Amino acid sequence: MNTNRKSIGIVGARGHTGAELIRLIAAHPALELAFVSSRELDGQRVDAHVPEYRGELRYSAPAHEDLPKLGADVVILALPNGKAAACVAAFDAAGVDPLIVDLSADYRFDPTWYYGLPELTREKWRGEKRISNPGCYATAMQLSIAPLKDLLAAPPVCFGVSGYSGAGTTPSDKNDPDKLRDNLMPYALTGHMHEKEASFRLGVPVEFMPHVAPHFRGLTVTTNLYLSRKMTREDVLARFHAAYDHEKLVSVTDEAPWVSRIAHRHHAEIGGFALSADGKRVVIVATLDNLLKGAATQAMQNINRAIGVDEYTAIPLGQAEDTP
């Protein structure tokens, strides 16, 4: 282990997000992969599944109570909802206090955990070593709404469409390419976890209607905002430019962004800004890659800040070419 680097482990690394995290860590000058846990891949070489990683490490399947013994400085929990608490309890019981970043929804409503959506909560971080990573849809919705939150006349209404990677690797209708072919599948049309998350974090009710489409990665959210006073398109654009022009991972565009252009890219795009004739309704479109800015890239932003390096270390900032 290079003593100048922090050691990092991933719990639940089999999924799509786990692979993206390994790619980011492999390119990181200040992090070194200590372990990657996956029951399904136990014993297999990591580089056989993620060629960007070069090393001898193999997937393992430690019990929860053994995780603190592995000595990682940073631990990412990439587990399904409801599974993180047992891991956190194991570290607490052992008196071991690594930086823990949870990618599930389990701690997004817990005030003792820092909620890491840097573009909106960066100034609220107080050195917490427990970080809750936002949901992918919730990230897009909050970025779309926050610059106009003080002018809302009604709950924002968000229509979302995601690629089927968002449904994870456990087989279901929502990630079955045959059932999705030529199809758009609505689900959880009220009470979706990300609807609750965005509402809780913004402090205003948000209405959200998600769908899954036949493409693999990337999501788009079209948000309808009723305003308490008339605005011009220039007024709206000025607010979004003021909010995000200094942000390296949020791009404000004049035209509505296309989900097909965001795959494999690490930033979010927000655009469209179509106003009704009376100037009191605006429609905004946001896209992001649900596996990157919606998960792995955002986790890396949070880890970078917590370990004291530049927030964008190892995150490609350019318009990377799509990979097959």
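Begin by selecting Tyr226, whose bridge partner in strand 13 is Arg281; what you have open is a predicted model. Widening the selection to strand 10 (residues 219-226) and strand 13 (residues 281-288) shows two strands that run antiparallel and are joined by eight bridges.

Next, bring up the rest of the sheet, an open one of seven strands with mixed pairing, which follow the order 8-9-7-10-13-12-11. At its edges lie strand 8 (185-186) and strand 11 (250-252), each of which pairs on one side only.

Just past the end of helix 6, select Gly203, where phi is positive, at about 80°.

For the last stop, go to the loop between strand 7 and helix 5 (177-180), where Asn175 is placed. Is Asn175 buried or exposed? Asn175 counts as buried because its relative accessibility is 12%, under the 20% cut-off. Displaying its side chain, you can follow a reach of 2.9 Å to the backbone nitrogen of Ser172. If neighbours within four places in sequence are left aside, the residues in contact with Asn175 are Tyr164, Ala167, Gly168, Thr169, Thr170 and Leu180.

Definitions and conventions
Residues numbered from 1 in each chain as written. Predicted model: local features only at pLDDT ≥ 70, side-chain atom pairs only at ≥ 80, totals over all residues. Heavy atoms only, no water. Helix = DSSP H or I, 4+ residues; strand = E, 2+ residues; numbered from the N terminus. Pairing = 2+ DSSP bridges. Buried < 20%, exposed > 50% of the residue type's maximum accessible area, 1.4 Å probe, protein only. Polar contact = N/O pair within 3.5 Å; in protein donor to acceptor, adjacent residues only side chain to side chain. Contact = heavy atoms within 4.5 Å.
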